[in-house]
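Here is my note on the model, point by point. Please read it with the coordinates open.

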Amino acid sequence: MRLAQWRKTRSQSGLGSTFKTKKLHVFDTGPDFSMSIPPRTTSLSSMIWQVADLLRGDFRPAEYGRVILPFTVLRRLDAVLIPTRDKVLKEKAKWESKGIDPMPFMEKAAGLKFVNTSDFTLKDVLGDPDNLTQNLSAYINAFSPTARDIFDHFRFTEQTDRLAKADLLYLVLEKFVSFDLSNKAVDNHQMGQVFEELIRKFSEASNETAGEHFTPREVIKLMVNLIFAEYDDLLTPGNPAVRTIYDPTAGTGGMLSVAEEFLLDHNPDARLTMFGQELNPESYAICNADMLIRNQDVSNIRLGNTLSDDELADYKFDYMLSNPPFGVEWKKVEKAVRAEHEKLRYDGRFGPGLPRISDGSMLFLLHLVHKMRPAKDGGARFGIVMNGSPLFTGAAGSGESEIRRFVLEEDLVEAIIALPTDMFFNTGIATYVWVLTNRKPKNRKGKVQLIDASSFWQKMRKSLGSKRKEMGEDDITLVTRLFRNAQDAQIATITAADGTQTREVVAKGAEPPEAPEDGKVKLAPLSRIFRNEDFGYQTITVERPQRDEDNNIVLGQRGKAKGKPMPDSSLRDTENVPLNEDIHAYFKREVLPHAPDAWIDEAKTKIGYEIPFNRYFYVFDPPRPLAEIDADLKDVTAQIMAMLGELSV
């Protein structure tokens with residue numbers, strides 16, 4: 001069976017990875033987060049999206065989400081508050097009669113950081129059709145200011161007025177009241193997935209990019225596993241530790257919520273205080289709604305462009321996660337970013353350098369580095385998803401190279417993991433998770449781990465945009481183990497005589513599996529450890545002299561160049577020399593034998609850094625011997641001739 005067939009069989013069987021680990025430390029990767037959207041969540045989001053049938057004709061498909069998303073949030077908040085509604089209203093009456101602000105007491109009664117002081121529920125509002133618009137507006141205004149702010153960003157009043165004019169407000173509200181969005185029926189994790197599925201449908205209907213709003217859950221889980229990979233007092237059950245986590249591209253808050261679920265599963269007594277910033281008002285509103293229900297302080301979630309206007313400028317964090325836009329230019333914030341770079345240098349966020357204008361993802365990398373809690377205060381670790389460009393784009397001295405130089409020479413890069421292609425909703429390109437920390441353990445100091453997880457995937461039953469693959473639970477577990485072990489490892493592909501294939505991880509120092517009878521074993525690198533300086537190089541400029549018509553070397557006549565050979569720019573060349581190698585020894589060995597008159601212009605020497613990920617994991621597969629190919633061709637030809645002979649009888 002070919003590898004592609006093996007993968008197909010594996011994905012159809014639903015068995016996940018067939019990897020066997022050998023001599024690898026087993027790490028408990030935490031709670032069992034669903035890798036794909038569960039059926040209950042999918043069916044609920046589909047039911048909610050059916051409201052679009054009511055809107056068709058009066059609203060364009062691109063506008064469906066502007067109605068459906070805020071009404072979903074409204075129904076969720078209403079359903080969450082119903083169980084404690086009577087207690088809240090009693091507290092209101094009790095403390096108002098004493099002339100005391102009842103809000104703190106009402107929030108305590110609700111067990112949340114928001115309440116609604118109306119005497120109505122949404123069901124009650126629906127019961128008075130003649131005053132529906134006014135009563136719904138009064139109900140919205142009865143929310144705490146933090147909750148009202150959510151509907152302001154949805155422009156909810158504008159949408160309800162339009163629905164009322166189209167005689168649709170009652171029908172739409174009636175539909176949403178029929179959905180059970182209580183905590184008992186839909187927990188926070190499932191509700192987050194419902195929001196994300198609705199946003200995906202909204203993005204498809206409006207021809208927008210779903211990937212701008214959220215990250216696949218299995219990618220988030222992998223990143224959360226990696227940043228929490230080292231057990232400490234935070235994960236110790238019973239320890240009331242408090243940590244902070246931050247996402248500068250928060251979207252709907254998926255990364256923050258999965259991180260909290262992971263932590264509470266391990267240590268219910270711990271607390272993870274969430275912070276974030278989001279550019280899109282609708283995503284920001286949904287994120288705030290999710291934070292409210294999770295009893296988080298919504299003032300920690302800010303609206304605005306993180307690069308040009310850091311709303312949390314004075315904060316440092318313990319953990320961070322981010323999935324910034326891939327390949328999106330930063331021209332609209334160029335003025336602010338360049339001003340900070342030039343004015344503050346290393347006291348600001350962008351001191352090391354600026355990437356080319358066409359891709360701003362490395363600016364988010366620098367932003368997160370700046371947000372790390374200092375090592376003396378406990379340090380920080382973060383994970384960020386980027387495409388392949390930040391690994392190698394830019395020659396020595398360029399902005400990208402200088403950023404790589406900074407994070408490597410400061411010993412911040414802990415690991416880079418290659419993900420499968422076709423993992424994200426808006427792109428099928430190769431992506432990588434970078435893990436950075438300023439609290440490296442002793443065995444990692446001065447080193448970087450590269451893990452090739454590009455083959456760890458299973459095919460989805462149904463594609464979602466560009467997303468056709470997902471990482472299974474076993475895949476995530478294996479990558480987490482490899483990361484925790486911080487050592488070289490290989491993957492052995494074992495092909496049996498009948499063509500079936502299995503794969504086995506071979507840790508450093510372990511013996512690879514033996515080939516089965518008439519089968520074979522193919523080894524490929526899976527995890528590799530490098531020194532930081534292995535990624536560095538020096539670009540030297542090699543000059544050769546001008547020559548006159550008689551082939552004599554032209555010498556300079558004035559200044560510092562007087563009496564020295566004049567360089568011929570048409571013969572100028574550059575060479576990249578590994579950082580740990582002497583440039584003069586390299587020049588003598590590699591250049592002088594071919595150009596005896598050459599010299600190095602040392603004033604032009606530059607240091608650069610790149611991470612040629614694919615080169616480190618490439619395995620040459622030699623072609624089959626010609627004799628073997630000829631033998632196969634003869635066998636096939638003989639079979640064809642025999643079949644033709646049978647037809648002619």
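**Notes on the predicted model**

1. Start with a loop. Arginine 155 sits in the loop that links α9 (145-153) and α10 (156-165). This is a predicted model. Arginine 155 has a positive phi, about 55°, although it is not a glycine. Most residues other than glycine have a negative phi. Is arginine 155 buried or exposed? Arginine 155 is exposed, at a relative accessible area of 57%.

2. A second residue belongs on the backbone list. Aspartate 422 is not a glycine, yet its phi is positive, near 60°. Aspartate 422 lies in the loop between β7 (413-418) and β8 (431-437). With a relative accessible area of 17%, aspartate 422 is buried. The cut-off for buried is under 20% relative accessible area, so aspartate 422 qualifies.

3. Now the whole chain. There are 23 helices and 18 strands. Of the 649 residues in the chain, 52% are buried. Along the principal axes, the C-alpha atoms fill a box of roughly 105 × 95 × 55 Å. Take the contacts between residues at least 6 apart in sequence: 76% of them join residues at least 24 apart.

4. Helix α4 (residues 64-81) packs against helix α11 (residues 169-177): their axes come within 10 Å. The crossing angle is roughly 50°. That makes α4 oblique to α11. The crossing of α4 and α11 is right-handed. Which residues make the contact? From α4 they are Val67, Ile68, Phe71, Thr72 and Arg75. From α11 they are Leu169, Val172, Leu173, Phe176 and Val177. By class, the residues of the contact of α4 with α11 are eight nonpolar, one polar and one charged.

5. Helix α4 also meets α10. The axes of α4 and α10 come within 10 Å and cross at roughly 110°. The two helices are therefore roughly perpendicular to each other. The crossing of α4 and α10 is left-handed. On the α4 side the contact has Arg66, Val67, Pro70, Phe71 and Leu74. On the α10 side it has Phe156, Gln159, Thr160 and Leu163. The residues of the contact of α4 with α10 divide into six nonpolar, two polar and one charged.

6. Next, a strand with two partners. Strand β12 (residues 489-495) is mostly covered, with six of its seven residues buried. Strand β13 (residues 501-507) pairs with β12 in the antiparallel sense, over seven bridges. Isoleucine 491 stands opposite valine 505 in β13. The hairpin of β12 and β13 has five residues between the strands. Within that hairpin, glycine 499 takes a positive phi near 95°.

7. What is the sense of the pairing between β12 and strand β14 (residues 520-531)? The pairing of β12 and β14 is antiparallel and runs over seven bridges. Here glutamine 490 stands opposite proline 525 in β14. As background, side chains in a regular strand alternate between the two faces of the sheet.

8. One buried site deserves a look. Leucine 363 lies in helix α17 (residues 361-370). At 0% relative accessibility, leucine 363 counts as buried. What does leucine 363 contact, leaving aside neighbours within four places in sequence? Its partners are Leu307, Trp330, Val337, Phe350, Leu354 and Pro355. Leucine 307 is 56 residues away from leucine 363 in sequence, and the two C-alpha atoms are 7.4 Å apart in space.

9. Histidine 341 can be read alongside. Histidine 341 lies in helix α16 (residues 334-344). Its relative accessible area is 12%, so histidine 341 is buried. Beyond neighbours within four places in sequence, histidine 341 is in contact with Phe350, Gly351, Gly353 and Leu354. Phe350 and Leu354 are among the contacts of histidine 341, and leucine 363 is in contact with Phe350 and Leu354 too.

Conventions
Residues are numbered from 1 along each chain as its sequence is written. This is a predicted model: local features need pLDDT of at least 70, side-chain atom pairs count only at pLDDT 80 or more; totals for chains, interfaces and linings use all residues. Side-chain values use heavy atoms; hydrogens and water are left out. Buried means under 20% relative accessible area, exposed over 50%, partly exposed in between (1.4 Å probe, protein chains only). Helices (H or I, at least four residues) and strands (E, at least two) are DSSP runs, numbered from the N terminus. Two strands pair if DSSP finds at least two bridges between them. Axes are lines fitted to C-alpha atoms, for helices over the stretch in contact, and angles run from 0 to 180 degrees between N-to-C directions. Angles under 35 degrees count as roughly parallel, over 145 as roughly antiparallel, 65 to 115 as roughly perpendicular and the rest as oblique. A crossing is left-handed if the near helix is turned anticlockwise from the far one by less than a right angle, and right-handed if clockwise. Contact means heavy atoms within 4.5 Å. Ala, Val, Leu, Ile, Met, Phe, Trp, Tyr, Cys and Pro count as nonpolar, Asp, Glu, Lys and Arg as charged, and the others, Gly among them, as polar.
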